[in-house]
Amino acid sequence: MDNIKFESGRLFILDQTRLPNEEIYIEMKSLEGCFEAIKKLMVRGAPAIGIFAGYSLALFHGNNIEKAKEYLDSARPTAVNLTYATTRILKAYKSGKSLIDEAIAIHDEDIEMCRKISEYGLSLLHDGDGILTHCNAGELATSKYGTGLGPLILGKEKGYDFHVFSDETRPLLQGARLTSYELEKRGIDVTLICDNMASLMMKKGLINAVLVGCDRVAANGDVANKIGTSGVAILAKHYGIPFYVLGPYSTVDFDTPTGDDIVIEERDANEIKTMFYEKPMALPETKCFNPAFDVTDHSLITAIITDKGIVYPPFEKNLREHLK
């Protein structure tokens, strides 16, 4: 499932705001268009944003690449992969390397990273497990296989049968629109549930593990995930269910000491009131608070699974060990 295509010097994205009802690819033609595509979630998911940002800066940096980088980075400030990719393109520019070759390398490396993450994650699961997911961390959010969904997709290829419960993930409904879409396309058993049903599923003994992606990991193991993920982690802790965070090692930000230091992006209130509704669901004057992410405390996380391996607590020590 290609969410980003670079063909004959042209860049295309699958517009995720139109899924699952329309599968439409849009060509990117300017840096401003790429900024809007990231900001409006036409392309989303930390690894996919990084891949897309690499191509975007390589193609449309104009006369001032540093200014173009700063502009692009501001589209989604919480996603560390964005700045990781644009920093690599800037370094390639300063060293005289091909920017397109560097962007393609970022893309290819993500494919390999996702395969490794998926393999490590699958090693923790069993055939027949019930899995809870929140938000979307599959091929639409990455390159191939995905992070949070990667073990399920790889497992399906290897003959595993999982029973997935997908939180709808309000307010943007990534679980409903994207995760259930991806899993249905892959032939994986998936049941869509409202976000507030997760506790009941756990209480009934239907959930054996929780798999989620991440957008930034602080040095102490606190993790920025889609809003609502920390609540799922609290439930998993209560019911004694392993809670696994999956993401490329590049999402670990050692310059961010704890989750309190992570900048949480706040988004348009209309995403709550109007975006996916035929009519507004609240009065125009009703105030809304719409953070895109919250922070899952490291004490709630069973393991952080990266392309470098499975990291267990204490995270502050063991995340750094994986640098060696």
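Two strands pair if DSSP finds at least two bridges between them, and helices (H or I, at least four residues) and strands (E, at least two) are DSSP runs, numbered from the N terminus. What you're looking at is a predicted model, where local features need pLDDT of at least 70, side-chain atom pairs count only at pLDDT 80 or more, and totals for chains, interfaces and linings use all residues. Residues are numbered from 1 along each chain as its sequence is written, and side-chain values use heavy atoms, with hydrogens and water left out.

**View A. A sheet of 3 strands, open and antiparallel, in the order 1-2-3.**
Out at the edges are strand 1 (4-7) and strand 3 (25-28), each with a single partner strand, so one side of each has no neighbour in the sheet. On average, neighbouring strands here are turned by 30° against each other, ignoring direction. Phenylalanine 12 has glutamate 27, in strand 3, as its bridge partner. Helix 2 packs on this sheet and touches strand 1, strand 2 and strand 3; contact means heavy atoms within 4.5 Å. The direction of helix 2 makes about 30° with that of strand 1. For angles and axes, lines are fitted to C-alpha atoms, for helices over the stretch in contact, and angles run from 0 to 180 degrees between N-to-C directions.

**View B. Helix 2 (residues 46-60) packed against helix 5 (residues 99-122).**
The angle between the two is about 170°, with the axes 8 Å apart. That makes helix 2 and helix 5 roughly antiparallel (under 35 degrees is roughly parallel, over 145 roughly antiparallel, 65 to 115 roughly perpendicular, and the rest oblique). On the helix 2 side, the contact residues are Pro47, Gly50, Ile51, Gly54, Tyr55, Ala58 and Leu59. Helix 5 answers with Leu99, Ile100, Ala103, Ile104, Ile106, His107 and Asp110. Sort the residues of this contact by type and you get 10 nonpolar, 3 polar and 1 charged. In that scheme Ala, Val, Leu, Ile, Met, Phe, Trp, Tyr, Cys and Pro are nonpolar, Asp, Glu, Lys and Arg are charged, and the others, Gly among them, are polar.

**View C. Glutamine 16, in the loop between strand 2 and strand 3.**
With 1% relative accessibility, glutamine 16 counts as buried (buried is under 20% relative accessible area, exposed is over 50%, partly exposed is in between, using a 1.4 Å probe and protein chains only). A polar atom of the glutamine 16 side chain lies 2.8 Å from the backbone oxygen of leucine 140. Beyond the neighbours within four places in sequence, the contacts of glutamine 16 include Asn3, Met42, Arg44 and Arg177. Proline 20 is also in the loop between strand 2 and strand 3, and the peptide bond from leucine 19 to proline 20 is cis, with omega near 5°.

**View D. Tyrosine 145, in the loop between strand 4 (130-133) and helix 6 (150-157).**
Tyrosine 145 is buried at 3% relative accessibility. Its side chain makes a polar contact, at 2.8 Å, with the side chain of glutamate 157. A polar contact is a pair of N or O atoms within 3.5 Å; within protein, one must be able to donate a hydrogen and the other to accept it, and residues adjacent in sequence count only if both atoms are side-chain atoms. Leaving aside neighbours within four places in sequence, tyrosine 145 also touches residues including Cys114, Ser118 and Ile153. Lysine 116 sits 29 residues away from tyrosine 145 in sequence and 9.9 Å away in space, C-alpha to C-alpha.

Most residues other than glycine have a negative phi, and most peptide bonds are trans. Cysteine 135, in the loop between strand 4 and helix 6, has a positive phi of about 65° and is buried at 11% relative accessible area. Leucine 173 has phi near 60° and lies in the loop between strand 5 (163-167) and helix 7 (174-185). Proline 313 and proline 314 are joined by a cis peptide bond, with omega about 0°.

**View F. Asparagine 290, in the loop between helix 10 (270-273) and strand 12 (293-296).**
Asparagine 290 is buried, with a relative accessible area of 5%. A polar atom of its side chain lies 2.9 Å from the backbone oxygen of aspartate 268.
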